[in-house]
Amino acid sequence: MFALGSILLAGLSLSLAQYDYYDEYYIPSAPLEGVSSPTCAQECECPINFPTAMYCNERNLKFIPIVPTGIKYLYLQNNFIEEIKAGVFDNATDLRWLVLDNNNITSDKIQAGTIDKLGSLEKLLFSHNKLTKPPGSLSKSLDELKLIGNKLSSFPANTLAGMENLTTVHLSKNKLTTESITGAFKGLKSLILLDVSENKLKKLPSGVPASLLMLYADNNDIDSIPNGYLAKLPLLQYLRISHNKLVDSGVPAGVFNVSSLLELDLSFNKLKTIPEINESLEHLYLQVNEINKFELTNICKFSSPVNYSRLRTLRLDGNNITHSSMPDDTANCLRQASEIIFE
């Protein structure tokens with residue numbers, strides 16, 4: 001059973017991650033160098049033991065070489081590519097993965113009839129370029145889209161239309177507004193992860209499909225949550241809205257009280273009270289707000305042998321309360337907590 005004496009009084013340390021983010025810089029590595037296929041572009045490597053892959057990454061390329069027939073996995077990351085010329089993918093009708101991370105490609109230098117003709121494409125990794133809008137009409141077979149760290153300010157509502165296989169969309173570190181993504185995610189029946197963090201949103205994205213498991217909206221300008229927003233996302237487990245402008249008046253009563261949610265990050269906002277949560281929540285991050293009272297009833301309506309919170313992590317450091325602010329019945333409510341941080 002949880003005991004008050006076991007509360008962890010840890011110092012506020014922003015250098016320690018409170019949870020593991022996906023690795024946005026993940027880059028598939030090439031096999032050990034060996035004999036390359038004779039049909040391979042001379043600037044690249046097509047390993048004999050992996051004949052459907054062409055590795056052109058980190059070659060100081062300023063252009064995309066002609067891709068030979070039979071290539072399904074094309075790695076072009078970490079180069080100096082500025083444009084995608086017509087014809088480079090004409091032979092690559094079976095291309096499944098296209099990795100273009102860390103180049104200098106601009107939206108106006110993507111020729112029509114290039115990416116939009118790749119009908120079998122499953123993964124398009126286009127992070128850290130200079131795109132101001134999505135790269136044209138995309139394959140309906142796409143399951144992963146990464147456009148992290150571009151200059152996107154526009155995302156037309158029909159960009160992802162008909163993509164029933166799409167499971168993950170990464171749009172963080174752009175210049176997107178609430179209006180620019182209105183309607184962008186409707187009809188995505190398989191979407192499980194949407195990352196719109198580090199943009200210019202004032203509201204959480206609307207029209208998000210009910211299939212969503214993870215929604216990341218950190219580092220925006222969000223000041224309120226629509227009433228009933230989470231009720232429309234019955235499978236949502238991870239919600240991150242840290243580093244925004246949330247205030248108590250912008251958080252409707254019970255809006256976070258949903259049984260599916262396992263992790264809720266509301267840190268670095270302007271909340272003065274602990275919001276009402278469901279007993280199923282396991283991780284609650286409220287550090288660096290303006291909370292001045294420990295309201296146990298928002299965590300546990302009442303405590304009994306079978307009624308108690310499943311919280312394992314509760315962060316309250318950087319607020320205006322200490323462990324002495326906790327009511328007497330806290331131990332019964334938070335009996336599963338292994339980490340409670342006040343300062």
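**Entry 1: Lys-62**

I began with Lys-62, which touches Phe-80, Ile-81 and Glu-82, leaving aside residues up to four places away in sequence. Contact here means heavy atoms within 4.5 Å. A note to myself before going on: this is a predicted model, where local features need pLDDT of at least 70, side-chain atom pairs count only at pLDDT 80 or more, and totals for chains, interfaces and linings use all residues. Residues are numbered from 1 along each chain as its sequence is written, and side-chain values use heavy atoms, with hydrogens and water left out.

Where does Lys-62 lie? I found Lys-62 in the loop between β1 and β2. Strands (E, at least two residues) and helices (H or I, at least four) are DSSP runs, numbered from the N terminus. Lys-62 is exposed, with a relative accessible area of 64%. My cut-offs are under 20% relative accessible area for buried, over 50% for exposed, and partly exposed in between (1.4 Å probe, protein chains only). I also looked up Glu-83: it is 21 residues from Lys-62 in sequence and 8.3 Å away in space, C-alpha to C-alpha.

**Entry 2: Aromatic rings**

How many aromatic pairs does the structure hold? I noted five. Rings of Phe, Tyr and Trp (its six-membered ring) pair if their centres lie within 6.5 Å; planes under 30 degrees apart count as stacked, over 60 as edge-to-face and the rest as tilted.

One of the pairs is Tyr-55 with Tyr-75, which is stacked, with 4.6 Å centre to centre and 20° between the planes. Tyr-55 belongs to strand β1 (residues 53-55) and Tyr-75 to strand β2 (residues 73-75), so this pair ties together parts that are 20 residues apart in sequence. Are these two tyrosines buried or exposed? Tyr-55 is buried at 3% relative accessibility, and Tyr-75 is buried at 4%.

Next I looked at Tyr-73 and Trp-97, an edge-to-face pair with 5.5 Å centre to centre and 85° between the planes. Tyr-73 is in strand β2 and Trp-97 in strand β3 (residues 97-99), so the pair ties together parts that are 24 residues apart in sequence. Tyr-73 is partly exposed at 21%, and Trp-97 is partly exposed at 24%. Ring pairs link Phe-50, Tyr-73 and Trp-97 into a cluster.

I found a charge over a ring as well: the charged end of Arg-310 sits over the ring of Tyr-308, 4.2 Å from its centre. The rule asks for NZ of Lys or CZ of Arg within 6 Å of the ring centre and within 35 degrees of the ring normal.

**Entry 3: Disulfides**

I counted a disulfide as a pair of cysteine sulfur atoms within 2.5 Å, and the count comes to three.

Cys-40 is joined to Cys-46, S to S 2.2 Å, and both cysteines are buried. The torsion about their S-S bond is about 70°, so this disulfide is right-handed.

Cys-44 and Cys-56 have their sulfur atoms 2.1 Å apart. Their link is right-handed too, with 110° about the S-S bond. It links distant parts of the chain: Cys-44 is in the segment before β1 and Cys-56 in the loop between β1 and β2, 12 residues apart.

Cys-300 is joined to Cys-333, S to S 2.0 Å. Cys-300 lies in the loop between β11 (283-285) and β12 (313-315) and Cys-333 in helix α1 (residues 330-333), so the pair ties together parts that are 33 residues apart in sequence. Both are buried.

Counting bonded cysteines along the chain, I wrote down the pattern 1-3, 2-4, 5-6.
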